[in-house]
Amino acid sequence: MTSETINAAASGAWELGDLKINRMGFGAMRLPQTGEALVPGAVPRDRDQAISVVRRAVELGVNHIDTAAFYFSPLRSANELINRALAPYPDELVITTKVGPGRAPSGGWLPHATPDQLRGQVEQNLRQLGRDHLDVVNLRIVGTDSIAERFGALAELRDAGLIRHLGISNVTPEHLAEARAIAPVVCVQNQYGIGVRPDHDAFVHACGEQGVAFVPFYSIAGTGRQAGASGAESDEVLAVAHAHGASAAQVRLAWTLHRGPHVLAIPGTGDLDHLVANVAAGGLRLSEEELATLNSFHRRGA
């Protein structure tokens, strides 16, 4: 496929609340460093390179960027790189961030934020991004305990005008029901991809029925998570890639978008060529036969 001519608009559009975005977005986790993300001592990425990638993403029609204050390496912060690259921000740009986890300056993980600490995390994102409000804030959690108290704290910040829309991350269907009883939820962000968490298929579908966007993370990396894709690939994915003159990563992204009109993609990279290829995947159309093959592999698990 010809990556250079394809704009993010080819992926179709979705509305996060009242914010219309192209379904192919950009994840900022890999911006601050080279190699594995979210680890102490990561090698900082060249600043100019990172800024160039963010600007090029917007040039390619990306108007949905996913980030977090805890995306940083020594010397580099994803939020501050986005600020430097794009401020003053285009009117159509939507920046989604997440709160809950925290990291010490050394890079080590801290206990997840309490309800009282969430306001500080929201304000930290506001400062780093240079915004007076946040477009979308996801509450990221660990475990299956009630999220009512923490989500309620974010709902209060939404009522105060610091947040426009709310989402939740790393959650169950029960969490979604609990959150929606408190305030509107525009998106669910969970790990999902070909062969990864096929038990989530019903949840993905249910989100669409409720008008909630489903935003998979690690849709390329899979079980490699923040370390990135392993390089190994299934015969099924490789066969579809060969048929389209595409990469396995592009097929994985295209499959993600084929899961429903409410499913978004936020692939992350610090490489300009990979960025162009990722955006181009939004224009890759898979046949019913190809989808059946990929779906069968998906249901078996990676």
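Let's begin with one residue: Asn79 is part of helix α2, which covers residues 78–86. Please keep in mind that this is a predicted model.

Is Asn79 buried or exposed? With a relative accessible area of 0%, Asn79 falls under the 20% cut-off, so Asn79 counts as buried. Which residues does Asn79 touch beyond its neighbours within four places in sequence? Asn79 makes contact with Thr67, Ala68 and Ala69, and also with Asn125, Gln128 and Leu129.

## The nonpolar cores

In soluble globular proteins, nonpolar side chains tend to be buried together. Here, the largest nonpolar core holds 83 residues. The members that touch the most other members are Phe26, Leu31, Ile82, Val122, Leu154, Ile168 and Val188. Helix α8 (residues 248–257) supplies the largest share of this core, with six residues.

Apart from this core there is another one, made of 12 residues, including Trp14, Val136, Ala213 and Ile266.

Not counting residues up to four places away in sequence, Phe26 touches Leu31, Val53, Ala57, Val62, His64, Ile65 and Asp66, among others. The list of its contacts also includes Ala265, Ile266, Pro267, Thr269 and Leu275.

How many cavities of 30 Å³ or more does a search of the whole structure find? The search finds one. The largest cavity has a volume of about 40 Å³, and its lining is made up of Leu16, His64, Asp66, Thr96, Asn138, Cys187, Gln189, Val215 and Leu264. Two elements, β6 (64–66) and β14 (187–191), each give two or more residues to this lining.

Sorted by class, the lining of the largest cavity has four nonpolar residues, four polar ones and one charged. His64 and Asp66, both in this lining, are also among the residues that Phe26 touches.

## The second largest pocket

Now for an open space: the second largest pocket contains about 220 Å³. It is lined by 16 residues, and those closest to its centre are Pro101, Gly102, Arg103, Gln121 and Gln124.

Which elements give two or more residues to the lining of this pocket? They are β9 (94–99), β10 (102–103) and α3 (115–129). Of these, α3 gives the most, with five residues. By class, the lining of the second largest pocket has eight nonpolar, six polar and two charged residues.

Key
Residues numbered from 1 in each chain as written. Predicted model: local features only at pLDDT ≥ 70, side-chain atom pairs only at ≥ 80, totals over all residues. Heavy atoms only, no water. 1 Å grid on protein atoms, 1.4 Å probe; cavity = no way out; pocket = protein on both sides within 12 Å on 5 of 7 lines; lining within 4 Å. Points joined across faces, edges and corners; volume = space filled by probe spheres on them. Helix = DSSP H or I, 4+ residues; strand = E, 2+ residues; numbered from the N terminus. Nonpolar A, V, L, I, M, F, W, Y, C, P; charged D, E, K, R; others polar. Buried < 20%, exposed > 50% of the residue type's maximum accessible area, 1.4 Å probe, protein only. Contact = heavy atoms within 4.5 Å. Core = buried A, V, L, I, M, F, W, Y, C linked by side-chain atoms within 4.5 Å.
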